[in-house]
Amino acid sequence: MIRYLQTWSPSRILLAVVLFSECGTLLSVALLSWYFHGEIRRDYMVTGLITDLVMSVLVTSFILRLVRVLQQQNIDLQRSHTSLYLTQGRLLVLNDLLAQAVARMPIAFIVWDTRFQATDWNPAAERIFGYSKEEAMGHTPLQLFVPADALQPVAAAMDELLAGKEAGYSQPGNNITKDGRIISCLWFNAPLKDNNGQVHGVLSMALDITEQESMAQALREAKDRAESANQAKTRFLTTISHEIRTPMNVVLGMSDLLLETPLDGEQYRLARIIHRSGKTLLEVINDVLDFARIEAGQMLLTSLPYAPRTLVEETAELMRVVAEEKGLQLIEEIDPAIPEATWGDDGKVRQILINLLGNAVKFTQTGSITLQLATDPQQANHLHFAVRDTGIGIASDHLAMIFEDFTQADSGISRRYGGTGLGLAICRKLVECMGGQIQVSSQLGQGSTFSFTLPAPPASLPVTEPQAAPGAELYSHNSMLRILLAEDSQENQLLIQMYLKSTPYQLAMVADGREAVQKVQNEPFDLLITDIQMPNLDGYAATRLIRQWELEQGRKPLPILALSAHASQDKKEESLAAGCNDHCTKPIKKKELLRLIEKLTA
């Protein structure tokens, strides 16, 4: 009945109620009037009709309100039912998706009860540990996959989890599979708690990382082998450089001395060729050593104030002689806005410029070479260097690889012009080490422009002491010096002897460090020149013994000059740390040796 009434409109309901009420009232009043008065009275009928009308309105209002409430409740109930149905459907879908994800993911999901016995075991756990779900149910981790040497720490961790301690991720550890294989797993463990915080189980997730661990170990071993090979390469190159520099010291030194003697035209030309070839070989050795040091991360950079304008002018003056020998013009273009001094490694900047200018001279037959220095318009406190030539140029398809290691523009370049293909690679690495960038633009047959930018924070040049006049006479302070040379190479002994032949210095020679120590302890000398690599006792050990003996005897320290065929900054630092007063790298020139003798004995 209620459902049927819900389909009626309010006006229809009201009309039905009023009609029903009026009919009932009139009938009741008529019956009562007839019963008590023997007739149907009109006044009774009117009074009953009005009273009934008022009561019908009140009752109808109440019924309509009740119907509206029932209709709204029915609508809400239908909506709730629909929402519940949809939610139930979503939950079923989500449960299905979750079940599929848990079943297919490579992570083992394991649920333990409060006795740490397995109550759920997903397919990934079966794949990883080898136990089926039926085999794992009711067993503890200690019974399933924990190795014997880890039983005690794992048991302690299990107790902490059941006590409610949050564990999270653990370090990868070894586990044993059903077939006895040892695997490495990354674990995540967390206690499961109810609304009151009581632990009712533990959730564990495990990821098998055995393959990744093996790959990581293989990568570590490969890295170690690569580093060992790189160190071996560096040691090899250093050793080779020492072995080559030792005879090169003799070749260049003797050719220098030969050029100082009276020679006819043909003899002078041959001696110049020998000297020039020796210098070329030395440049190749230096390139290989620089490259090896950079690759090994042993290239040391300094940051001192220097004058970029002076550096460019001096470098241009040095290379102008070489350029003019080929009939080339070397032009300097220096921006007046260049700062007086900047911070940087002027030695490395000079090395880059000499390399670029040397290449420009080598690959230019006619025309000019321009060396430019300006401030970088795109970066504050940066300098822009450029070397532009009118040489053979570089093909566009070779520009991208011109700065690569052991690379030249084409194979004919090496045969025609020589070189190792390392010069530009070293320039690039040096520029990048100093925080700059290098680039090239070129057209085949029309020349090339190599340019690079370097950070140049402003600096102030230190005040220098006034230097002696260029023509100051050598040997002025003490012409009768007694010098001891410790050198195992007879050729180098002969070279130093020839260098000092025209001086008033007295030279004594020994072949190793042990003889040098004995000689210093038995005879007075004004200077010791010692090679650092000798048999029996090297130069460093000999220097330390001499310094210790001087300290014990209360003697004045003997000036010691170290000679080394190893061209590296760390060797100089090692020499100074051993007690030497200065360090010189072979091959050493006669003028440089005489200057150092004068300096150390002043």
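Trp112 is buried, and Phe145 is buried as well; here buried means under 20% relative accessible area, exposed over 50%, and partly exposed in between, with a 1.4 Å probe and protein chains only. Before going on, a word on the basis: this is a predicted model, where local features need pLDDT of at least 70, side-chain atom pairs count only at pLDDT 80 or more, and totals for chains, interfaces and linings use all residues. Residues are numbered from 1 along each chain as its sequence is written, and side-chain values use heavy atoms, leaving out hydrogens and water.

**Aromatic rings**

Rings of Phe, Tyr and Trp (its six-membered ring) pair if their centres lie within 6.5 Å; planes under 30 degrees apart count as stacked, over 60 as edge-to-face and the rest as tilted. By this rule there are 7 aromatic pairs. Two of them are set out here.

| Pair | Centre to centre | Angle between planes | Kind |
|---|---|---|---|
| Trp112 and Phe145 | 6.4 Å | 65° | edge-to-face |
| Phe385 and Phe452 | 4.8 Å | 10° | stacked |

Trp112 sits in strand β1 (residues 107-112) and Phe145 in the loop between α6 (141-144) and α7 (151-162), 33 residues apart. Helices (H or I, at least four residues) and strands (E, at least two) are DSSP runs, numbered from the N terminus. Trp112 and Phe145 also belong to one aromatic cluster, together with Phe116, Trp121, Phe129 and Trp187.

Phe385 lies in strand β11 and Phe452 in strand β13, 67 residues apart. Phe385 counts as buried because its relative accessibility is 0%, and Phe452 because its value is 1%.

**The sheet around the stacked pair**

β11 (residues 382-389) and β13 (residues 447-455) pair in the antiparallel sense over 7 bridges; two strands pair if DSSP finds at least two bridges between them. The open sheet has 5 strands in the order β8-β10-β11-β13-β12, with mixed pairing. Its edge strands, β8 (329-334) and β12 (437-443), each pair on one side only.

**Helix α11**

Which strands does α11 touch as it packs on the sheet? The helix touches β8, β10, β11 and β13, contact meaning heavy atoms within 4.5 Å. α11 (residues 346-362) has 17 residues and reaches 24 Å from its first C-alpha to its last, close to the 24 Å expected at 1.5 Å a residue; the expected span is 1.5 Å times one less than the number of residues. Its buried residues include Lys348, Ile352 and Leu356.

Note on methods: Axes fitted to C-alpha atoms, helices over the stretch in contact; angles between N-to-C directions.
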